[in-house]
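Open the model in your viewer and keep the selection panel at hand.

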Amino acid sequence: MGYSSKSPWLIHYDGSSCNGCDIEVLDSMMPLYDIERFGIINTGNPKHADIFLVTGSVNHQNINVVKEIYDQMLEPKVVVACGICACTGGVFRDCYNVIGGVDKAIPVDVYAPGCAVRPETIIDAVLKAVDILDEKAKKMKAEKGRG
Amino acid sequence: MARKTILPFGPQHPVLPEPVHLDLVVEDEHVIEAIPQIGFVHRGLEKLVETRDYNQFVYIAERVCGICSFGHGYGYASATEKLLGLEIPRRAQYLRAILEELSRIHSHLLWLGLLADAFGFESLFNHCWRLRETILDIFQRTCGARIILSIVIVGGMAHDIDDSELKAICEKLDTLKRDYREIVDTMMNDSSVKSRLCGVGYISFEDAMELSMVGPFAKASGIEHDMRTTGFDAYGDLDHFEPIISNECDCYGRCKVRCAEVYQSIDIIKELVAKIPHDGIGKKPGPKVLPPDGGQSHVLIEQPRGEAFYYVRGNGTKNIERFRMRTPTSQNLAGMVRALQGVEVADVPMIILTIDPCISCTER
Ligand code: SF4
């Protein structure tokens, strides 16, 4: 992780995960793993968030919720798929109600595999997301300068 | 005059770790009715049983829910063993009970943290999750994973936990108990916590009976209902077991029951470790062992959230024809809706959390 000009905030939404990845996402914010030491804060409001962590696959009921949260977030924004369910559908890939990974609904920037995804992986993925966020911000600025 | 408004709650909400949607019909800050809408986590995994062989399905059963993951694998494996007529060694049964109790401690600590978060007690939230890491460390050491353990197989356990390791677990639990007592004593006697929880979300004994509630939710309304009293598997060897109940019927009572259950689980683990026999851990049944056509079986086990029911039916092939489970939260949702009637909007997150809903179990 390079130097980032801001403290990114993250929002977490549980797609159709089994909870395993959710509790690991929460766990990565707890004292032992403490993602907050990188200046990252968990928020419940999509409008405040820069990084969107999704766990679990998308299904017919929640696909609109995932899209809605993504749309409410302001640019620049980064999406991290946490857990193999969010990446590809995982063990539930063949279930009748599962559409597939999160990338079936919204563009995903970082894939963090694992079942359940380990907090170390989440931290790595989020730090990667911070870099991507910076890049996106720079690009936006450059475009604004041209326009 | 007061006007009725509908306040949407969830599926994405800061206090909700899991998606559930409630339409709260409110009149001046008072909830008149709560209309739940579910299905956000529905995957349809019971149907996968038709396409997986019965040994493989344990790993899917475990992924019904990440919090009580071990229990689901356990329930499915026991039901299938009953269907196949397999006897499993006592040691495997003891190990299963020990891991089930460890899962209970981890689930209750997790819940206590989330509850603290819901009423704004951030430091308690962090402390509970810090303590929970002790249990996850034990899982990591003995099973090689933190959340999804994959140690249960049909026919026994995938690998043994040796005696020195079991002793080490007991020592770790001693430390945990000391730290836990400090936290719980502070919390349960704190006046601000009490004023937030006492008298909130009242469910009387009669209501709890009528809505057939299970688990700590029912126990806090005075119902003595705990599957462990039936003495299934290793629980039958306990010297003495009595479910913890409370007659407070409110959020505080539910909190008290769960807090006390952690101590009880620690004692159960210690007793089981002292008594554990050495007769092997069982093995996977051979390829010739198939579920009988038309045979069916069921088991009931006590999960952290209450009684869970598992049913399997065979059809003579290596696939199981039907797998069905009923999880504690699906029993308790009706009680939750009842408890939400007439409360203030500010109390809604608290009530939802003291029921300890596990949505991914309910919807599968
Ligand atoms: S990746 Fe595994 S632990 Fe995570 S939500 Fe999917 S099944 Fe659960």
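Start with chain B. Select helix α5 (residues 163-188) and helix α9 (residues 251-275) of chain B: they pack at an angle of about 160°, with axes 10 Å apart. That angle makes α5(B) roughly antiparallel to α9(B) (over 145 degrees; axes are fitted to C-alpha atoms, for helices over the stretch in contact, and angles run from 0 to 180 degrees between N-to-C directions). Their crossing is left-handed (the near helix is turned anticlockwise from the far one by less than a right angle). Helices here are DSSP runs of H or I with at least four residues, strands are E runs of at least two, and both are numbered from the N terminus.

This is a predicted model: local features need pLDDT of at least 70, side-chain atom pairs count only at pLDDT 80 or more, and totals for chains, interfaces and linings use all residues. Residues are numbered from 1 along each chain as its sequence is written, chains are lettered from A and ligands numbered from 1 in the order written, and side-chain values use heavy atoms, without hydrogens and water.

On α5(B), the contact (heavy atoms within 4.5 Å) includes B:L166, B:C170 and B:Y180; on α9(B), pick B:Y252, B:C259 and B:I266 among others. The contact residues divide into 16 nonpolar, no polar and 7 charged (nonpolar: Ala, Val, Leu, Ile, Met, Phe, Trp, Tyr, Cys and Pro; charged: Asp, Glu, Lys and Arg; polar: the others, Gly among them).

Next, the sheet. Select β6, β7 and β8 of chain B: an open sheet of 3 strands in the order β6-β7-β8, with antiparallel pairing (at least two DSSP bridges between two strands). β6 (296-303) and β8 stand at the edges with a single partner strand each, so one side of each lacks a neighbour in the sheet. Neighbouring strands are turned by 15° on average, direction ignored.

Go along the pairs. β6(B) and β7(B) share 8 bridges, and B:Q296 has B:R313 as its bridge partner.

β7 (residues 306-314) and β8 (residues 320-326) are joined by 6 bridges. B:G314 stands opposite B:I320. In the hairpin, with 5 residues between the strands, find B:G316 at a positive phi near 85°.

Finally, show both chains. The contact takes 37 residues from chain A and 40 residues from chain B. About 3,000 Å² is buried, 61% of it from carbon and sulfur atoms (accessible area, 1.4 Å probe, lost on being put together, summed over both parts). Select A:N19, A:I23 and A:Q61: in chain A they lose the most area to chain B, together 17% of what that side buries.

How values were computed:
Parallel < 35°, antiparallel > 145°, perpendicular 65-115°, else oblique. Buried area = accessible area lost by both parts, 1.4 Å probe.
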